Amino acid sequence: MAKINKLLIANRGEIALRIMRSAKELGISTVAVYSEADRLSPHVKFADEAVCLGPPPSNQSYLLGDKIIKVCKDLNVDAIHPGYGFLSENADFSKKVTDAGLIFVGPSPHAIEVMGSKLAAKQAVSQYDIPLVPGTEEAISDIDAAKKKAEEIGYPILIKASAGGGGKGMRIVESEAEFEEQMQRAVSEAQSAFGDGAVFIEKFITSPRHIEIQILGDQHGNTVYLFERECSIQRRHQKVIEEAPSAVVSPEMRKAMGEAAVGVAKACDYYGAGTVEFIVDGKLNFYFLEMNTRLQVEHPVTEMITGKDLVKEQIWVAEGKALSFSQDDLKINGHSLEVRVYAEDPRTNFLPDIGRLITYRRPQGPGIRVDDGFEEGMDIPIYYDPMIAKLITHAESREDAINRMLRAIDDYEITGIQTTLDFCRFALKHKAFTSGNFDTKFVEKYFKPEVLDQSLSEEEESLLAVLAVEFFHSQKGKKTGSVSTATASTSGAWRNRLK
């Protein structure tokens with residue numbers, strides 16, 4: 001059994017900081033790596049040691065696996081935690097880490113490789129009687145053969161890239177007439193995004209919900225599921241609001257999904273923390289979608305309802321320890337919500353926004369958690385994901401958790417950039433969300449940018465105009481780095497002051 005005394009976190013921002021905090025509680029010293037754009041980031045200052053990897057672009061910094069391993073050797077590091085994104089699901093990097101005599105805080109290279117291909121994953125889990133969406137069992141490239149299979153499945157169908165995710169290489173086909181064009185587009189996009197043009201066909205599930213199961217396994221064959229997370233509020237196939245547990249999952253369905261998720265883990269001898277994603281139709285039938293072989297962005301809601309620190313569990317498993325609890329020990333405690341605070345403007349189709357955090361004040365109070373990697377006065381870099389923070393609430397009931405979240409959103413002061421907080425407020429108040437009757441099409445069904453401005457009274461609109469004028473006068477001639485504060489969209493910033 002190995003002991004981790006020094007841990008390098010091969011990531012940045014909020015997840016790097018979150019991992020370091022748990023490591024510190026375990027008496028483990030931490031090493032941060034950073035790009036030139038992140039030299040003043042909180043995770044760099046929090047770590048015991050920090051090393052600059054290079055210029056801001058990821059391929060010149062955070063994706064330099066060999067350089068990261070060399071840093072570990074130079075500083076006598078025992079283990080690497082990859083966080084999520086970047087190198088976290090790179091089987092080659094995982095293997096290089098272990099070959100170098102280091103501990104990779106995550107699953108084996110084999111598990112990452114199998115679950116990294118949607119087709120390989122489907123083939124691996126087929127022996128475990130896990131529900132699968134009807135479709136092809138292998139990559140398909142012949143147009144005529146693909147059309148025939150689509151007819152057998154029945155339209156609408158979904159053409160999906162075997163590698164990758166995030167909606168890239170994915171096309172919905174409503175009829176045979178558009179099949180060929182959409183397939184060619186899917187192949188081209190998959191090749192461009194992932195270097196792999198392999199695609200497969202699945203039945204398109206109408207009114208789908210995205211529900212996932214958190215699993216945790218050790219290297220001794222023990223695997224448990226830590227219940228579900230509802231992740232159906234999305235934009236561009238990426239999550240914005242998550243909650244645990246789901247409003248529509250019954251105890252019987254939860255058990256069935258949990259046991260299916262454990263089966264997926266066993267299909268690839270999985271250990272560590274992982275997430276098995278399912279698509280759920282309008283009749284609450286669930287089908288295996290994919291497995292994410294890493295910590296998820298939304299892991300805090302699971303931590304809130306189970307009382308388990310998933311990062312500490314990852315570290316203990318990586319050290320070779322057996323799980324300290326069984327499935328029967330796990331209970332759901334209350335309800336938790338997470339909203340992702342992105343530097344995006346919901347009024348312009350969620351386009352990313354850049355600028356300086358002129359005001360940045362976190363909400364506080366009982367049952368509120370903020371995981372972030374920024375401080376007031378910092379610039380939002382253009383090189384990485386635009387997420388600023390994750391705002392999490394926990395309460396005894398779903399209704400109380402929603403109300404607590406609405407209060408926390410109102411208390412979150414951010415000016416200088418546009419954020420998704422206004423959209424999250426809208427979504428949490430919408431009857432579709434409060435009733436639990438929603439799916440992944442929530443944004444296109446219910447959201448129009450103008451709804452974010454309808455709640456302002458005439459008095460508030462007048463005050464908004466006065467504040468905007470004051471803002472422009474106060475900022476006249478000022479610059480913040482390469483971006484003038486006067487170029488930031490001020491209406492959203494001052495509107496936040498009114499909320």
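Me: Which residues does Asn-292 touch, leaving out those up to four places away in sequence?
Reply: Asn-292 touches Glu-89, Tyr-270, Gly-274, Thr-275 and Glu-277. Keep in mind that this is a predicted model.

Me: Thanks! And which strand is Asn-292 found in?
Reply: Asn-292 belongs to strand E13, which covers residues 286-292.

Me: Is Asn-292 buried or exposed?
Reply: Asn-292 counts as buried because its relative accessibility is 8%, and the cut-off for buried is under 20%.

Me: What does the side chain of Asn-292 make a polar contact with?
Reply: That would be the side chain of Gln-296, at 3.4 Å.

Me: OK, zooming out to the sheet. What is the order of its strands?
Reply: The order is E13-E12-E9-E10-E11-E14-E21-E19, an open sheet of eight strands with antiparallel pairing. E13 and strand E19 (368-372) are the edge strands, each pairing on one side only. On average, neighbouring strands of this sheet are turned by 25 degrees against each other, direction ignored.

Me: Remind me, how do strands of a sheet pair?
Reply: Through backbone hydrogen bonds, either parallel or antiparallel.

Me: Let's look at E9. How many of its residues are buried?
Reply: Nine of the nine residues in E9 (residues 209-217) are buried, so to speak a mostly covered strand.

Me: Which residues of E9 point one way and which the other way?
Reply: Arg-209, Ile-211, Ile-213, Ile-215 and Gly-217 point one way, while His-210, Glu-212, Gln-214 and Leu-216 point the other way. In general, side chains in a regular strand alternate between the two faces of the sheet.

Me: Which strands is E9 joined to, and by how many bridges?
Reply: Nine bridges link E9 with strand E12 (residues 272-280), and the two run antiparallel. Here His-210 stands opposite Ile-279. Strand E10 (residues 223-235) is joined to E9 by six bridges, again antiparallel, and Ile-211 has Glu-230 as its bridge partner there.

Me: How many residues sit between E9 and E10 in their hairpin?
Reply: Five residues lie between them, and Gly-221 in the turn has a positive phi of about 90 degrees.

Me: Which helix lies across E9?
Reply: Helix H9, residues 251-267. H9 lies across E9, E10, E12 and E13, and runs at about 105 degrees to E10.

Me: Further along the sheet, why is E14 largely enclosed?
Reply: Because eight of the eight residues of E14 (residues 335-342) are buried, the strand is largely enclosed by the rest of the structure. One side holds His-335, Leu-337, Val-339 and Val-341, and the other holds Ser-336, Glu-338, Arg-340 and Tyr-342.

Me: Which strands does E14 pair with?
Reply: E14 pairs with strand E11 (residues 238-244) over four bridges, in the antiparallel sense. In that pairing Glu-243 has Leu-337 as its bridge partner. E14 also pairs with strand E21 (residues 387-395) over eight bridges, antiparallel too, where the bridge partner of His-335 is Ala-395.

Me: Changing topic to helix H7. Which of its residues are buried?
Reply: In H7 (residues 143-153), the buried residues are Ala-146, Lys-147, Ala-150 and Ile-153. Seen down the helix axis, they fall within an arc of 125 degrees, so they line one face of H7.

Me: What do the buried residues of H7 pack against?
Reply: They pack against strand E6 (157-161), helix H8 (179-194) and strand E8 (199-203).

Me: And which exposed residues are on the face turned away?
Reply: The face turned away from the buried side carries Asp-144, Lys-148 and Glu-152, which are exposed.

Me: What's going on at the start of H7, and what follows the helix?
Reply: At the start, a side-chain oxygen of Asp-142 reaches to within 3.2 Å of the backbone nitrogen of Asp-144. H7 is followed by Gly-154, whose phi is positive, near 95 degrees.

Me: Last one, the overall numbers. How many helices and strands are there, and what share of residues is buried?
Reply: The protein has 17 helices and 22 strands, and 58% of its 499 residues count as buried. Of the contacts with a separation of 6 or more, 66% are between residues 24 or more positions apart. The accessible surface is about 20,800 Å², with 48% of that belonging to carbon and sulfur atoms.

Definitions and conventions. Residues numbered from 1 in each chain as written. Predicted model: local features only at pLDDT ≥ 70, side-chain atom pairs only at ≥ 80, totals over all residues. Heavy atoms only, no water. Buried < 20%, exposed > 50% of the residue type's maximum accessible area, 1.4 Å probe, protein only. Contact = heavy atoms within 4.5 Å. Areas by Shrake-Rupley, 256 points an atom, 1.4 Å probe, with all protein chains shown as cover. Pairing = 2+ DSSP bridges. Polar contact = N/O pair within 3.5 Å; in protein donor to acceptor, adjacent residues only side chain to side chain. Axes fitted to C-alpha atoms, helices over the stretch in contact; angles between N-to-C directions. Arc of directions from axis to C-beta.
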